[in-house]
Structure formats: structure tokens, C-alpha cells
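Hi everyone, thanks for making time.

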Amino acid sequence: MDRIRIRGGNTLNGTIPISGAKNAALPLMIASLLTDDTLTLENVPHLADVEQLIRILGNHGVDYAVSGKRLVQDPAQGRTIHFTARTIVDTTAPYELVSKMRASFWVIGPLLARMHKARVSLPGGCAIGTRPVDLFIDGLRALGATIDIDRGYVVAQAPGGLVGNRFRFPKVSVGATHVMLMAASLAKGETVIENAAREPEVADLAACLNAMGARISGAGTSTITIEGVTALSGARHRVLPDRIETGTYAIAAAMAGGDVTLSGTHASLLSTALDTLRQAGAEVTELNDGIRIRRNGAGISPVDVVTDPFPGFPTDLQAQFMALMTRADGVSNITETIFENRFMHVQELARLGAKISLSGQVARVEGVAKLEGAPVMATDLRASVSLVIAGLVADGETTVNRVYHLDRGFERLEEKLGACGAEVERISG
Ligand code: UD1
């Protein structure tokens with residue numbers, strides 16, 4: 001199993017190109033199930049999760065083709081992939097596939113909308129809490145589906161097709177909002193979703209669905225209206241930049257010090273996180289096609305953070321920000337409100353010398369003067385990258401094991417950091 005070895009102490013200087021967003025690419029790829037025409041997605045990141053979803057969609061009958069010759073494509077550019085679900089050959093998403101990636105559960109929306117039935121295994125994914133599916137079930141029931149749980153599978157049916165309705169989510173869910181958008185696009189009549197997730201990836205999915213002929217308004221706000229249509233067509237859509245990758249490298253630059261430009265991204269995608277970084281002492285400048293992060297000499301100030309749905313501080317940057325706070329000049333409190341078990345990085349950061357105590361959903365981080373390299377292991381995607389960030393400033397060598405978590409969500413991480421002067425290498429085997 002591959003490991004990443006980091007020798008700490010270098011500042012970061014240079015440019016890091018930001019990839020297309022994993023969390024947008026996945027629902028966009030799933031949207032290809034809604035039409036028998038070709039959906040072309042540009043700027044698709046090279047990630048293990050994308051490859052896994054290609055396999056899952058293939059099982060339902062989605063063909064895919066990658067544009068251009070891979071060798072002459074600029075590796076910094078995402079791929080253009082054409083997805084065609086001419087015929088849906090199977091409406092079952094089996095445990096063996098869904099258990100590997102939670103987002104694949106979302107096929108339930110388009111399968112139900114187009115085929116009027118779906119049988120989808122209860123999901124797996126990162127071990128960051130129980131992550132139930134009640135909101136999906138309640139939402140789809142509101143659109144007229146009957147849903148049963150049968151031996152680990154969610155069995156959904158709507159023999160006469162889905163019917164639009166007004167539905168209020170009792171809790172904000174990104175995935176359930178994606179699924180409702182896809183399902184309601186092919187339902188009869190109007191659907192109004194209240195308390196919808198406002199994440200940029202939801203707006204990106206809605207823009208793509210609209211390009212396919214859907215009639216969605218309000219995406220990006222908490223009330224979304226969908227006028228159902230009878231069929232959707234193909235479209236071409238560019239995946240938006242990855243705001244979590246952007247935030248991760250911004251935090252890495254703040255941690256290591258130096259001067260880094262993140263290109264191909266927008267500050268508007270993560271204004272809360274960037275404000276937080278400014279408070280922590282980084283100089284953040286908005287550029288036309290990116291963001292510049294500098295920290296030269298100044299110390300890191302402690303900042304309290306509470307994770308929240310967008311536009312709040314993203315839970316997907318919580319572990320990375322905690323790594324930064326381990327080196328702050330004082331105490332910070334980090335409160336996780338989205339997932340109940342997303343502090344597994346705490347004990348690993350402690351192995352590097354961090355002083356963190358947990359009390360319920362709050363981590364109290366007491367900044368230390370230095371971290372020391374050690375072998376560490378990550379149990380989820382964002383936690384693993386927080387250990388890489390800590391390793392950038394730890395004395396000596398830090399080895400992050402179980403790199404497959406990183407590969408799920410960070411494209412060419414060692415290359416991107418290495419190009420800015422970090423000593424990061426992948427050790428195979
Ligand atoms: C998505 C992101 C993930 C991010 C998360 C929150 C993708 C592929 N993943 O995950 O990176 O951390 O948003 O920003 O886009 N919940 C329920 N019942 C449900 C569904 C969710 O209680 O039926 C709860 C979850 O357990 C969690 C909260 O709602 O506590 C938010 O989860 P949700 O927004 O659904 O996360 P995902 O869409 O899975």
C-alpha cells in the first residue's frame with residue numbers, strides 16, 4: 001500500500017493549479033443517467049472516486065469515452081469525458097459497489113425518475129459518522145415514490161412516475177438536495193425544495209441539468225423550484241473548481257509559510273474559510289483567475305471555528321484547519337456541527353506532538369512551538385491531508401500511511417506540493 005513521506009521545514013513558493021471539484025463531478029456524472037443522450041463533462045479530475053463511479057455507472061449501462069489522447073493532454077487540465085446512458089440495463093446498485101463510495105447511493109434519484117424504480121444498497125464511504133439516508137427517503141416519498149428497506153437495500157418504486165410536491169428538508173443535506181434536483185427534473189409538475197443545501201456544487205448540478213433541458217431556479221439559495229419536464233437531452237458542462245482542494249492548499253501555504261498562487265479557482269467559493277485564514281495571519285489576495293496566499297515571518301494566530309453548511313466554514317476543511325491551529329500562538333476551539341465523528345485526525349496529530357483535547361463536538365487546540373515527524377495513519381480523506389499539512393512543518397520525517405484515502409480526493413498531491421518546494425514523495429508498496 002502506498003505511503004507519502006514528507007520531510008518538513010520548507011516554505012511553499014509557486015503556483016498550484018486547482019482541479020475540477022470532486023464533489024461536483026460525482027453528481028454531474030450521475031446526472032448522465034437521466035438521459036439517453038450524451039452528457040459531456042469537462043475538467044473532470046483524475047481521482048479514485050471518479051474511476052470508481054465510472055465503474056458503478058457502467059453497471060447501470062452508462063458508456064463513457066475520454067476525449068483526446070491521454071498522453072498529449074496536459075496533466076494539469078482535467079479530462080473531458082462523454083457519458084452516455086442510451087439504455088439503462090440494471091436498476092440495482094449492489095452493495096459491493098455502493099459500499100465503496102457513499103455518493104453512489106445518489107443514483108437512486110435519476111434511476112427512479114427515468115426508470116420508475118431503483119434498488120440501491122445502503123451506502124458506505126468515509127468513516128465519519130453514521131450518515132443515514134432518511135432525508136433521501138422522505139424527499140423521494142414526497143415525490144410519490146414508495147420506499148421499502150429490504151435486506152440492506154433501499155427499494156424505491158413509482159410505477160406512474162414521480163409527481164412534483166413541496167418538500168422541506170428538516171436538516172440541510174448536500175446529497176439529498178442533489179437527489180431531489182435530479183428526481184424532480186423528470187417529475188410531473190412543480191417541486192419546491194425548502195431548506196435546500198446552498199453549496200456551489202448544488203448550483204453547478206442545477207446549471208448542468210438546466211443545460212440538459214431541466215427548469216430549475218433558485219439553486220444556490222435555500223429554496224429551489226423545479227418545473228418537471230418529460231425528457232432531458234445531452235449537454236456539455238465544465239465542472240467548477242474544487243473549493244476544498246483550494247482551501248487545503250491555502251491552509252498548507254499558511255502553515256508552511258511562503259507565497260503560493262492557487263490558479264483556476266475563485267475566492268467566492270470559499271469566502272468564510274479565506275476570512276478565517278486572514279484572521280490566522282495569512283495574507284490572502286483575490287486574483288482574476290485564482291487566489292494568492294502569503295505568510296512571511298508572521299506567527300499563526302489562534303482562531304475559533306465552527307463548521308456549518310455553505311456559506312459557513314466547510315466541514316471538509318476542519319481537519320486541515322486544525323492542523324494549522326496546532327502551531328498557533330495560543331488556544332483555539334474547533335467545533336464540528338455536521339458530522340458527529342469527524343475527529344479521527346486528533347489522535348494522529350497528537351502523534352506529531354499536537355496538544356488537542358476533545359469534549360463532545362469541540363476540539364480545544366493548544367498551539368505548540370514545534371511538531372515532530374512520525375508515522376501516522378489516516379482514516380478518511382480530509383483527515384489524511386491534514387496530516388500532510390502538519391508534516392510540512394514537522395521536524396524530520398512524517399510518513400502518512402493508507403494513501404488511498406488521499407487518492408480518492410486529491411489529484412497529484414505530491415506533485416502539486418513538490419512543485420512549490422515541499423519535500424513530499426510517494427513510496428509505493
Ligand atoms: C457531502 C460531501 C462531503 C461533505 C458533506 C457536508 C460529496 C460527495 N460529499 O456529503 O464531502 O463533507 O457534503 O458538506 O459531495 N444526513 C442525515 N440524513 C440523510 C442525509 C444526511 O441525517 O439522509 C446528515 C449526515 O449524517 C450529516 C449531515 O446530514 O450529518 C450532512 O450530510 P450531507 O450534506 O448529506 O453530506 P453528503 O452529501 O454525504
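Helices here are DSSP runs of H or I with at least four residues, strands are runs of E with at least two, and both are numbered from the N terminus.

Before going on, some housekeeping. This is a predicted model, where local features need pLDDT of at least 70 and side-chain atom pairs count only at pLDDT 80 or more, while totals for chains, interfaces and linings use all residues. Residues are numbered from 1 along each chain as its sequence is written, and side-chain values use heavy atoms, with hydrogens and water left out.

Back to glutamate 201. Is it buried or exposed? Glutamate 201 counts as buried because its relative accessibility is 4%. Buried means under 20% relative accessible area, exposed means over 50%, and partly exposed is in between, using a 1.4 Å probe and protein chains only. Glutamate 201 and glutamate 286 are 85 residues apart in sequence, and their C-alpha atoms are 21 Å apart in space.

Now the ligand. How many residues surround the ligand? There are 19 of them, and the closest are Asp134, Ser173, Val174, Asp316 and Ile338.

On the domain level, the shell draws at least three residues from each of domain 1 (3-18 + 241-427) and domain 2 (22-238). Those bounds come from an automatic or database domain assignment.

Let's go through some atom distances. A polar side-chain atom of aspartate 134 lies 2.6 Å from a nitrogen atom of the ligand. For leucine 135, a backbone N or O atom lies 2.8 Å from an oxygen atom of the ligand. And asparagine 23 has a side-chain N or O atom 3.1 Å from an oxygen atom of the ligand. Taken alone, the ligand exposes 740 Å², and the protein buries 91% of that. Those areas come from the Shrake-Rupley method with a 1.4 Å probe; for residues, only the protein chains shown count as cover.

Next, helix α10 (318-325). How many of the residues in α10 are buried? The helix is mostly covered, with 8 of its 8 residues buried. Glutamine 318 has its place in α10, and glutamine 318 counts as buried because its relative accessibility is 1%. A polar contact of 2.9 Å joins its side chain to that of glutamate 336. A polar contact is a pair of N or O atoms within 3.5 Å; within protein, one must be able to donate a hydrogen and the other to accept it, and residues adjacent in sequence count only if both atoms are side-chain atoms.

Proline 311 lies in the loop between β18 (305-306) and α10.

On to rings. The count comes to 3 aromatic pairs. Rings of Phe, Tyr and Trp (its six-membered ring) pair if their centres lie within 6.5 Å; planes under 30 degrees apart count as stacked, over 60 as edge-to-face and the rest as tilted. One of the pairs is phenylalanine 167 with phenylalanine 169, edge-to-face at 5.0 Å centre to centre and 90° between the planes. Phenylalanine 313 and phenylalanine 321 form an edge-to-face pair too, at 5.5 Å and 65°, and both of these residues are buried.

Asparagine 195 has a positive phi of about 55° although it is not a glycine, and asparagine 195 is in the loop between β11 (190-194) and α7 (200-211). Arginine 402 also has a positive phi, about 60°, and its loop runs between β23 (397-401) and α13 (404-409).

Conventions:
Near = heavy atom within 4 Å.
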